[in-house]
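Visitor: I would like to go through this model with you and ask, for each label, what lies behind it. Please set the values against the cut-offs as we go.

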Amino acid sequence: TSCRLMTVYTDLFNEAIDDLALTLETVTGLRVVFNPEQVKPLCVFLDAPDFEALSSTIVKMSFSVKVITLGPGNLDGLRNVLSMSAALLASNVAVKSGRPGFVTVGGQTFAAYDLTVDLQAQS
């Protein structure tokens, strides 16, 4: 299960975040976290989105999504995180771009991929 806030928000931004988090969990099988303090491999970290308002009811949103895998930041870890990123690319998630990265948790380095995911939300 993901780490969502207990308050229920029904605005177009928060509904888009919830929909994306649910899709990410379904496709990767990983928990989605929103708080950097809760990042523990295997997980997907969903950062705050940028947005462009097309009107008061339609926005284009761009999310930074970090897919974090177990294992060291070597070829094995890279292959694992690329496999998860490929699954996202093949799903209905609008992955716009990706770049390799690393995450250090407790002094240990893990392979990660930073994906940019775009979507449109409307109320």
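Guide: Let us start with Pro100, which has its place in strand β5, residues 95-105. Please keep in mind throughout that this is a predicted model.

Visitor: Why is Pro100 called exposed?

Guide: The relative accessible area of Pro100 is 55%, and the label exposed is given to values over 50%; Pro100 therefore counts as exposed.

Visitor: Which residues does Pro100 touch, if residues up to four places away in sequence are not counted?

Guide: Pro100 touches Ala112, Tyr113 and Asp114, where a contact requires heavy atoms within 4.5 Å.

Visitor: What makes Leu42 partly exposed?

Guide: Leu42 has a relative accessibility of 32%, and since buried means under 20% and exposed means over 50%, the value falls in between and Leu42 is therefore called partly exposed. Leu42 lies in the loop between β1 (31-33) and β2 (43-46).

Visitor: What kind of peptide bond joins Pro41 and Leu42?

Guide: The bond joining Pro41 and Leu42 is cis, with omega at about -10 degrees.

Visitor: Which residues does Leu42 touch, and how far is Leu42 from Asn80 in sequence and in space?

Guide: Leaving out residues up to four places away in sequence, Leu42 touches Leu30, Arg31, Ile68, Thr69, Leu70, Asn80 and Met84. Asn80 is 38 residues from Leu42 in sequence, and their C-alpha atoms are 10 Å apart.

Visitor: How do you know that the radius of gyration of the protein chain agrees with that of a compact globule?

Guide: For 123 residues, the globule rule gives a radius of gyration near 14 Å, and the protein chain has 15 Å, so the two agree. Along its principal axes the C-alpha trace spans about 45 × 30 × 20 Å, and 35% of the 123 residues count as buried.

Visitor: What pattern does the protein chain follow along the sequence, and how many helices and strands are there?

Guide: The chain has two helices and six strands, which come in the order α-β-β-β-β-α-β-β. Among contacts between residues at least 6 apart in sequence, 54% join residues at least 24 apart.

Visitor: What makes up the lining of the second largest pocket?

Guide: The pocket, with a volume of about 180 Å³, is lined by 14 residues, of which Ala16, Asp19, Leu20, Leu119 and Gln120 lie nearest its centre. By class, the lining has eight nonpolar, four polar and two charged residues.

Visitor: Which element supplies the largest share of that lining?

Guide: The largest share, six residues, comes from α1; both α1 (12-28) and β6 (108-122) supply at least two residues each.

Methods
Residues are numbered from 1 along each chain as its sequence is written. This is a predicted model: local features need pLDDT of at least 70, side-chain atom pairs count only at pLDDT 80 or more; totals for chains, interfaces and linings use all residues. Side-chain values use heavy atoms; hydrogens and water are left out. On a 1 Å grid over the protein atoms alone, a cavity is a set of points where a 1.4 Å probe fits but cannot get out, and a pocket is an open set with protein on both sides within 12 Å along at least five of seven lines; lining residues have an atom within 4 Å of a point. Grid points are joined across faces, edges and corners, and a volume is the space filled by probe spheres set on the points. Helices (H or I, at least four residues) and strands (E, at least two) are DSSP runs, numbered from the N terminus. Ala, Val, Leu, Ile, Met, Phe, Trp, Tyr, Cys and Pro count as nonpolar, Asp, Glu, Lys and Arg as charged, and the others, Gly among them, as polar. The radius of gyration is taken over C-alpha atoms; the globule rule is 2.2 Å times the number of residues to the power 0.38. Buried means under 20% relative accessible area, exposed over 50%, partly exposed in between (1.4 Å probe, protein chains only).
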